[in-house]
Amino acid sequence: QFTRFQEPAPQSVALGALLGPVLADLGPLLSERRLVLDYRPPHSGATVTVDVDQVAYAVDNLLRTLVRNLPDGEALSVHCREPGVVVLRLPSNNGRGLSRLANLLPSSDQGQEPPLPLGLALARSLIRRNNGDLEVDEGAAGPTITVRLPCDQGTRKVPAKDGTTTSADR
């Protein structure tokens, strides 16, 4: 199990092939909680260059953290955007919500960003180890989590917010 935390061994993989098994494994938990998953796969054969085990584990942790904290009967959106961008959107009335989860953790007095729930923190760490990024935005329409994964094997580019690519600095 701890091999997930070793140095990443990146390989090129289709984004849909990476997400498919993770979402399928989440099915029983979604059914149990009567949650609706709005999944929009990538429109093309978009590929990312990551350690498949590490990023799949990160996305699984991220999704399970979100699902466990949504009220029964709600919806979770997972939309793939090109290139290498996955956007998770929660409803604005998301019950305990991300802010409430963060408030359960000890606060930081060093002027750092507020703490994240453990599943989100673990996901962010593993995604960043793979030259990607995970951003949390608590907007009025509901929390949005954006995962950006490197999509160009040769230059290790990471998609930016505006759709351009920038060199990874990790």
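Buried denotes under 20% relative accessible area, exposed over 50%, and partly exposed the range in between, computed with a 1.4 Å probe on protein chains only. By that scale R34 is exposed, with a relative accessible area of 56%. The structure is a predicted model, in which local features need pLDDT of at least 70, side-chain atom pairs count only at pLDDT 80 or more, and totals for chains, interfaces and linings use all residues. Residues are numbered from 1 along each chain as its sequence is written, and side-chain values use heavy atoms, with hydrogens and water left out.

**Confidence of the model**

- The protein chain has a mean pLDDT of 77, and 71% of its residues reach 70 or more; pLDDT is the predictor's confidence in each residue, from 0 to 100.
- Over residues 101–110 pLDDT stays under 50, and the model has 10 contacts for them beyond four places in sequence, a contact being heavy atoms within 4.5 Å.
- Residues 165–170 also have pLDDT under 50 throughout, with 18 contacts beyond four places in sequence.

**The sheet**

- Helices (H or I, at least four residues) and strands (E, at least two) are DSSP runs, numbered from the N terminus.
- Five strands form an open sheet in the order β2-β4-β5-β7-β6, with mixed pairing; two strands pair if DSSP finds at least two bridges between them.
- The edge strands, each pairing on one side only, are β2 (36–40) and β6 (133–139).
- On average, neighbouring strands of this sheet are turned by 15° against each other, direction ignored; axes are lines fitted to C-alpha atoms, for helices over the stretch in contact, and angles run from 0 to 180 degrees between N-to-C directions.
- Strands of a sheet pair through backbone hydrogen bonds, either parallel or antiparallel.
- The parallel sense applies to β2 and β4 (residues 75–81), which pair over five bridges; R40 stands opposite H79 in β4.
- The antiparallel sense applies to β6 and β7, which pair over seven bridges.
- A hairpin of two residues joins β6 to β7, and G139 has G142 in β7 as its bridge partner.

**Helices across the sheet**

- Helix α1 (residues 15–32) lies across β2, β4 and β5 (85–89) and runs at about 170° to β2.
- Helix α2 (residues 52–68) lies across β4, β5, β6 and β7 (142–148) and runs at about 155° to β4.

**Salt bridges**

- Side chains of opposite charge can pair when their charged atoms come close.
- A salt bridge is counted where a side-chain nitrogen of Lys or Arg lies within 4 Å of a carboxyl oxygen of Asp or Glu, and the count by this rule comes to six.
- R33 forms a salt bridge with D72, the closest N and O atoms being 2.6 Å apart. Because R33 lies in the loop between α1 and β2 and D72 in the loop between α2 and β4, the pair ties together parts that are 39 residues apart in sequence.
- Within this pair, R33 is buried at a relative accessible area of 14%, whereas D72 is partly exposed at 39%.
- D60 forms a salt bridge with R64, with 3.0 Å between the closest N and O atoms. Both residues lie in helix α2, four residues apart, or about one turn of the helix, and D60 and R64 are both buried.
- R148 forms a salt bridge with E135, where the closest N and O atoms are 3.5 Å apart. R148 lies in strand β7 and E135 in strand β6, so the pair ties together parts that are 13 residues apart in sequence.
- R148 counts as buried at 8% relative accessibility, and E135 as partly exposed at 22%.

**Backbone angles**

- Most residues other than glycine have a negative phi, and most peptide bonds are trans.
- R34, although not a glycine, has a positive phi of about 55°; R34 is found in the loop between α1 and β2.
- N131, also not a glycine, has a positive phi of about 65°. N131 is found in the loop between α4 (118–129) and β6 and is buried, with a relative accessible area of 9%.
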